[in-house]
Amino acid sequence: AIRDQIAQPLGMDVEEAAAGMYRVINANMAHGVRQITVRRGLDPREFPMVVAGGAGALHACMIAEELEIPALLVPATASILCAMGMIFSDLQHDFVRSRIGPLSQIPPSELKGLIEDMALEGENQLVLEGISRDQMAHQVTLDLRYLKQYHEVTLPVSWDSAVRADVGAIAAAFHREHNRLYGYDLAGEGTELELINVRVRALGRTEKPSLPKVPEGTADPAGALKGFRQAFVPEEAAFASVPVYDGHRLLAGNEIAGPALVERRDTTIFLSAGFAARIDDHATCFLGRKEQDAGRQD
């Protein structure tokens, strides 16, 4: 299919066409990561990226190169990370009440009543789900904006600040968050804040399972080496003979320098030439740039 539909019409060989497809896929995935970081005021260069999905680890190094992400984490459960997330997540119910008006003019008792009504509704739901009251918690957020502004900011606030309608504390937090998201605030102008929605999240703490551990080893991963095979190395734009490791035989402390492949039953981890990896005691694979010795990060 690649030969007939892409390579021949473009006058290139099959491997060159497939490599181009790989680059386009990586660029699209990097764009997706940029959308959910930079547009939310977060710099991807300041965070490690958790790699999920059965195919995620084949693209992760190239995404990191594109966005200058310093490190990658591939959990042992990467291909079923969503299911693991459900097992390790607390129960959660979200409630919202609209209350539009200048924040300073809303009676504290009214705001307190809205919050407590939603909190009680959440508690009743969690009780039905078998959560004891000592395992419950609540989070309050307010949808706020500057008066006459088009878009609002969802601002987490403390329970005490919310139920007391502490306008000063809420406004200070809003100015900081608005500045972080959009690069400016109107604190100096004394612009009024307008409340749009009041939100309460009711949390029910659940019992979490423990993760299995792998035995301790040395830095040498030779015990997990399966052999060598040809694999495409993007930095060299060519195929090369790379070591292939059995991901289920790797031990805690093993270190691997790219280019290399780590094969697991449910995924394959590709270490490009510029990356190195270290295995921790939960079989998580930490990937980092060789020049930063990131494979040895704690």
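Student: Why does T284 count as buried?

Tutor: The relative accessibility of T284 is 12%, and buried means under 20% relative accessible area, with exposed set at over 50% and partly exposed in between, for a 1.4 Å probe and protein chains only; T284 therefore falls in the buried class. This is a predicted model, in which local features need pLDDT of at least 70 and side-chain atom pairs count only at pLDDT 80 or more, while totals for chains, interfaces and linings use all residues. Residues are numbered from 1 along each chain as its sequence is written, and side-chain values use heavy atoms, with hydrogens and water left out.

Student: Where does T284 lie, and what is it in contact with, leaving aside neighbours within four places in sequence?

Tutor: T284 belongs to the loop between β12 (275–279) and β13 (285–289), where helices (H or I, at least four residues) and strands (E, at least two) are DSSP runs numbered from the N terminus. With contact meaning heavy atoms within 4.5 Å, and with neighbours within four places in sequence left aside, the partners of T284 are L73, V74, P75, A76, R278 and I279.

Student: Which class does Y184 fall into, buried or partly exposed?

Tutor: Y184 has 38% relative accessibility and so counts as partly exposed. The residue sits in the loop between α7 and β6, and, leaving aside neighbours within four places in sequence, Y184 is in contact with Q149, H178 and N179. The C-alpha atoms of Y184 and R23, which are 161 residues apart along the chain, are separated by 36 Å.

Student: What is the orientation of α1 relative to α2 called, and why?

Tutor: The axes of helix α1 (residues 2–10) and helix α2 (residues 14–37) come within 9 Å and cross at roughly 90°. That makes α1 roughly perpendicular to α2, because angles of 65 to 115 degrees count as roughly perpendicular, those under 35 as roughly parallel, those over 145 as roughly antiparallel and the rest as oblique. Axes here are lines fitted to C-alpha atoms, for helices over the stretch in contact, and angles run from 0 to 180 degrees between N-to-C directions.

Student: Which residues make the contact of α1 with α2?

Tutor: From α1 come I2, R3, I6 and A7, and from α2 come V14, A17, A18 and M21.

Student: How do you know which strands pair in the open sheet?

Tutor: Two strands pair if DSSP finds at least two bridges between them, and strand β4 (residues 136–146) and β5 pair in the antiparallel sense over five bridges. In β5, T154 stands opposite D143. The open sheet has four strands in the order β3-β6-β4-β5, with antiparallel pairing. Its edge strands are β3 (91–102) and β5 (153–157), each of which pairs on one side only.

Student: Which strands does helix α5 touch?

Tutor: Helix α5 (residues 108–128) packs on the sheet and touches β3, β4 and β6 (193–204), its direction making about 25° with that of β6. Helix α7 (residues 167–182) also packs on the sheet, touching β4, β5 and β6, and its direction makes about 135° with that of β5.

Student: What joins β10 to β11?

Tutor: A hairpin joins β10 to β11 through four residues, and β10 pairs with strand β11 (residues 268–271) in the antiparallel sense over four bridges. The bridge partner of V262 is I269 in β11.

Student: What makes a set of residues a nonpolar core, and which members of the largest one touch the most other members?

Tutor: A nonpolar core is a set of buried Ala, Val, Leu, Ile, Met, Phe, Trp, Tyr and Cys residues joined through side-chain atoms within 4.5 Å. The largest nonpolar core has 37 residues, of which M49, L72, V74, I269 and L287 touch the most other members. Helix α3 (residues 56–67) gives the most to this core, with seven residues. Apart from it lies another core of 30 residues, including I106, L142, Y146 and L193.
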